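Reader: I would like to take a close look at a single part of this protein, and I would be glad of one connected explanation.

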Amino acid sequence: MKAGLIGHPVAQSKSPIIHEYWMKQFNIEGKYELFDVEDMHLEALVKQLVTQGYDGFNVTVPHKENIIPLCKTIDSNAKKIGAVNMVHIQDGALYGYNTDVAGFIQNLKQSIIDFNMTGKTALVLGAGGAARAVIQGLKNEGINKIYLTNRTREKADILQQNFGSNVEVIDWDERESKNNEINLLVNTTSLGMVNKPSLIFDLNGLKKDAIVHDIIYNPLMTDLLRQAEERGLKVITGIGMLLYQAAPSFALWTGITPSVTLDLTNLVLR
Ligand code: NAP
């Protein structure tokens with residue numbers, strides 16, 4: 001397998017650990033490299049990877065949108081959210097996918113017994129790239145209502161226009177106002193991440209069976225998740241989404257569908 005990750009920056013990425021683990025497990029020769037490139041060098045790098053016979057690559061910030069014009073086709077999730085995070089190279093052409101959407105949902109399905117979003121209400125914090133994947137995933141699963149809130153309200157309003165009527169924007173200062181209605185709270189902001197400020201969110205008023213999901217995985221247990229756990233709420237960390245978004249990439253590049261195991265999770269968290 002010849003693959004890698006294109007982004008800027010990429011040095012902190014856990015993706016090499018994940019793909020190298022699977023390569024070793026399935027006795028696949030190859031490499032998963034990190035390519036740190038700025039916008040202006042993206043096209044040249046991609047051409048180089050095609051010429052050198054790469055199977056594909058993952059794409060991260062800030063290239064998830066810029067890669068789209070270079071793709072021959074993109075899948076429906078990538079179209080809906082306007083972001084590609086994985087490319088499969090076949091016969092010299094680029095086929096773009098978004099596996100964040102499925103990664104988010106797959107992880108929820110593994111984490112929640114009798115997962116069913118029908119008739120449910122979620123609150124999504126943040127309106128960046130990850131929020132788009134989360135909203136699309138919840139919509140694909142037939143969620144009834146999504147409240148969306150973001151520090152910069154205009155960005156949330158744009159997402160609302162893209163995603164339609166069952167998404168309702170609430171002001172960032174009013175972010176706890178729907179606590180008594182929500183079944184699932186998802187933090188997609190970068191607040192709570194290592195070296196970032198904490199997320200301030202008052203969990204008072206949440207239903208006893210509400211689920212609190214933080215897609216940040218460094219640290220694994222954010223302040224938000226700790227507070228939720230102290231209240232006896234079910235919590236989901238961000239590591240599963242990361243692992244489940246990687247699996248379809250490996251599957252397309254090698255033809256082997258890998259499993260997300262506890263052993264792999266522990267390795268990535270080390
Ligand atoms: P992004 O597009 O840069 O969006 C960042 C979001 O955080 C925006 O909504 C931004 O609000 C908000 N934010 C940043 N600083 C803030 C502050 N001081 N106060 C309030 N809101 C603030 O980033 P992204 O790609 O969506 O990623 C967001 C987070 O998700 C990152 O921590 C990333 O590591 C994580 N993530 C995890 C996975 C996974 O597999 N587990 C996948 C993707 C992303 P404004 O619009 O107001 O700036």
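Leaving aside its neighbours within four places in sequence, which residues is Val-124 in contact with?

Author: The model is a predicted one, and in it Val-124, apart from its neighbours within four places in sequence, is in contact with Ala-131, Val-134, Ile-135, Leu-138, Ile-146, Tyr-147, Leu-148, Thr-149, Val-186 and Thr-188. Val-124 belongs to the largest nonpolar core, which has 31 residues, and it is listed with Phe-104, Leu-108, Ile-135, Leu-138 and Leu-184 as the members that touch the most other members. Two or more residues of this core are given by each of helix H4 (100–111), strand S7 (121–125), helix H5 (129–140), strand S8 (145–149), helix H6 (153–163), strand S9 (167–169) and strand S10 (184–187), and the largest share, 5 residues, comes from H5.

Strand S3 (56–59), H5 and helix H8 (239–254) are the elements that give two or more residues to the lining, and H5 gives the largest share, 4 residues. Sorted by class, the lining of the largest pocket has 22 nonpolar, 19 polar and 8 charged residues.

Leu-184, already named in the largest core, is also one of the residues that line the second largest pocket, along with others including Ile-112, Phe-115 and Asp-209. This second largest pocket holds about 160 Å³ of space, and its lining divides into 5 nonpolar, 2 polar and 3 charged residues.

Methods
Residues numbered from 1 in each chain as written. Predicted model: local features only at pLDDT ≥ 70, side-chain atom pairs only at ≥ 80, totals over all residues. Heavy atoms only, no water. Core = buried A, V, L, I, M, F, W, Y, C linked by side-chain atoms within 4.5 Å. Buried < 20%, exposed > 50% of the residue type's maximum accessible area, 1.4 Å probe, protein only. Contact = heavy atoms within 4.5 Å. Nonpolar A, V, L, I, M, F, W, Y, C, P; charged D, E, K, R; others polar. 1 Å grid on protein atoms, 1.4 Å probe; cavity = no way out; pocket = protein on both sides within 12 Å on 5 of 7 lines; lining within 4 Å. Points joined across faces, edges and corners; volume = space filled by probe spheres on them.
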